[in-house]
Amino acid sequence: MSTTSMTKETTPQTTDAVVTARGLTLRFGGLVCLNDVDLTLNRGEILAVIGPNGAGKTSLFNSLTGVYVPQEGRITLSADGGEQNLLGRKPHVVNRLGVARTFQNIRLFGALTALENVKIAAETRQKSGPVGIMLGMPWARRNERASDRRSHELLDFVGMADKLNELAASLSYGDQRRLEIARALATDPQVLLLDEPAAGTNPTEKLELAELIKHINRELGISVLLIEHDMRLVMSVADRVTVLNFGKVIASGTPAEVQHNPAVVEAYLGASDEEAVPGEEDK
Amino acid sequence: MSTITRPEADERDMVVMDLAKLRRVPWYRQPRWTRLFGMVLAAALLALATGPNASTDDIFFSVNESMTDGVRLPVCIALMVAFWAFFEFVPKAPVERAKATARANTVDMPAWQNTKKAFDKTPVKLGALAVVVVVLAVLPLFISTRWNQVLVGNVAVYVLLAIGLNVVVGWAGLLDLGFIAFFAIGAYSTAFWTGSLPTKPPVELNPFLAMPIAVVTCLIAGVLLGAPTLRLRGDYLAIVTLGFHEIVYLIANNANGFSGGSGGATNIPHPSVHLGFLDYEWELDPKPYWWLIMGMAAVVVFLFIRLEHSRVGRAWTAIREDEIAAAANGVNTVKYKLMAFAIGASTSGLAGGVYASKTGFISPESFKLMFSVLVLAYVIFGGMGSIWGVMVGTALLAWLPEYLKDWVDENDRITYLGALLVIMMIYRPQGLIPSRRRKRELTLAKEGIGDADAMTEPAGGRIA
């Protein structure tokens, strides 16, 4: 199935869709944040969501991960052979079903070390309870060792093996971004939602980040949903792009198609003056 | 920040100083002068505290007398200002230079890693711990009966309580103002199961058997209170726990048929052991109780330390630091908060059980709101989140009012406690022996990253 996933754009009953959102409408009072949004993330692909500021990208992420509950629509996750409803589930339940995320404004546990940050996420599936831990039961110790090993592996994977014991808040911006990704990966997700992972990083870090995202996608087989303003990054990693404007999907397709879509050009030029035409800035 | 200790440090310092000048903070808003202001206030408080008592005829009598009778106020202010000046202006250069050299030698390590380096060696730690335990164990043999009573009734029981509250406030970051309610529930359940309340239990038990029941009762009470309210946070949760305390207190006070009303319960038996070879009964003598509570506290501390450094402790820290990020990474925040509440409550229940059977008499007066506030103050004074700090802080603050009994008017004792807290919060907000994680949070907050104060949350009170 992985051979077909790259070419398909919208298939009504896809067997290879891992996250499907249909008709999502999110309102805050009179403000319509998301208006009838459809989104399909196929298994094994990298889908980028772009759009001018205030288009509803982060609201979409928050709706997918249970932070916001849209008034209408449905979100399903097909994982482990079954269909799971994600709408209205609490954030930690969504995470356990296999959807991990990072945040636009980095939300690490600043006073903990990098290793501890990842461990917290790695441990959430474990079963050892307070009594077992207090009595020092063998399974509790085993779990502790397992999460320790896993966290070391993941920090190694994102290239931070030498910064295990540094406080999260004292890391550089790029490292903080990578640590957040490692933390999200520690929950063994099927789908990873990255909210502007390149914001505030320098060009070298952006290149490394693009590599990292591809690695996560290809080597770990995790489907990635990506919000990003940096068009070069989007064009280099994304298999497909969905464009949001004023809470509506205005275009969807391969990066090249989207780049030449008149509605997208219009949205970027007409609706907002702080954005460049996608793809134009890197020429 | 003190991380720069390389050769070019001087140049950088100059730049930093120039930048500081550019920022132009008005002099009165610099920390040094705000601290002076705090000290003058504390001096006024001290003058008030040492002055004559209040009179019911004229509410300003005490204030008037204390502030105007000759030298009292000037002396107090002079004392406090001298204290302030000593810490602000006595040259620290030699000390700082020594520190800087020490840091330069280990420049790649974060500062918090090498400060306690020597002490962190396990044998040294264990040795120090053993000495402290032995000293504490023989302490009652060398002090008078009155001080033994204080040691058990005031210090030991409150240390146990503070260890419990530390789990809730220090680790999970939940502000609980009704902690004494669980203490009361523990004490009343012990009284009930030993047959000392008007309502009789199905079987009368030895206090030692009643205590575990009290602990479980408190655990359930903790979950019952927690379940509907833990979606709230910060100030909102504090108000709910306050309400819970009032409910428990008023039931204890008014349900004459069940709790004995304001008269409370009397003749709660002392615990005893009858195990064939071992036959012992605790009596009026406070010493054996001291050893009993020490043993209990030792077990509780041992278990809690394991918990702190486990996934549970880390999850609590995560929730305290950023609840939304914790939830997004799969931490079931409600479950862990409930766990903290239940564990704290059951420790409180244990303390209640010991207290009830030690004093043999309980009444609602022992469980007033004031005690909840006091225990919280002890925990903050000692250093939230640090088990050793909390124990030392509680011991100090619980001992102080008793000690002051001999020196100042009995009704004024708590004023000194208040003044001490004011000074402490100005000079050392992290507490006597701060926990490492908390200290780092405070440092981060100073630098403008993060929020050290787990009790203040964004407005709104509810989370998604």
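**Strand pairing, sheet edges and contacts**

Q: What makes strand β9 (residues 240-245) of chain A a partner of β10(A)?
A: In this predicted model, β9 and β10 of chain A are joined in the antiparallel sense over 5 bridges. Pairing requires at least two bridges, so the two strands count as paired. Within this pairing, Leu244(A) has Val249(A) of β10(A) as its bridge partner.

Q: Why are β6 (99-101) and β10 (248-253) of chain A called edge strands?
A: The open sheet of 6 strands runs in the order β6-β7-β8-β3-β9-β10 (chain A), with mixed pairing. β6 and β10 of chain A each have a single partner strand, so one side of each lacks a neighbour in the sheet. Neighbouring strands here are turned by 20° on average, direction ignored.

Q: Across which strands does helix α1 (residues 57-64) of chain A lie?
A: Helix α1 of chain A lies across β3 (46-50), β6, β7 (191-195), β8 (223-227) and β9 of chain A, and runs at about 150° to β7(A).

Q: What are the domains of chain A, and how far apart are their C-alpha centres?
A: The division gives domain 1 (14-98 + 191-207 + 228-283) and domain 2 (110-189) of chain A. Their C-alpha centres lie 28 Å apart. The contact between them takes 8 residues from domain 1 and 7 residues from domain 2.

Q: How many residues does each chain give to the contact between chain A and chain B?
A: Chain A gives 35 residues and chain B gives 31 residues. By class, the chain A side has 15 nonpolar, 11 polar and 9 charged residues.

Note on methods:
Residues are numbered from 1 along each chain as its sequence is written. Chains are lettered from A and ligands numbered from 1 in the order in which they are written. This is a predicted model: local features need pLDDT of at least 70, side-chain atom pairs count only at pLDDT 80 or more; totals for chains, interfaces and linings use all residues. Two residues are in contact if their C-beta atoms, placed from the backbone, lie within 7 Å. Ala, Val, Leu, Ile, Met, Phe, Trp, Tyr, Cys and Pro count as nonpolar, Asp, Glu, Lys and Arg as charged, and the others, Gly among them, as polar. Domain bounds come from an automatic or database domain assignment. Helices (H or I, at least four residues) and strands (E, at least two) are DSSP runs, numbered from the N terminus. Axes are lines fitted to C-alpha atoms, for helices over the stretch in contact, and angles run from 0 to 180 degrees between N-to-C directions.
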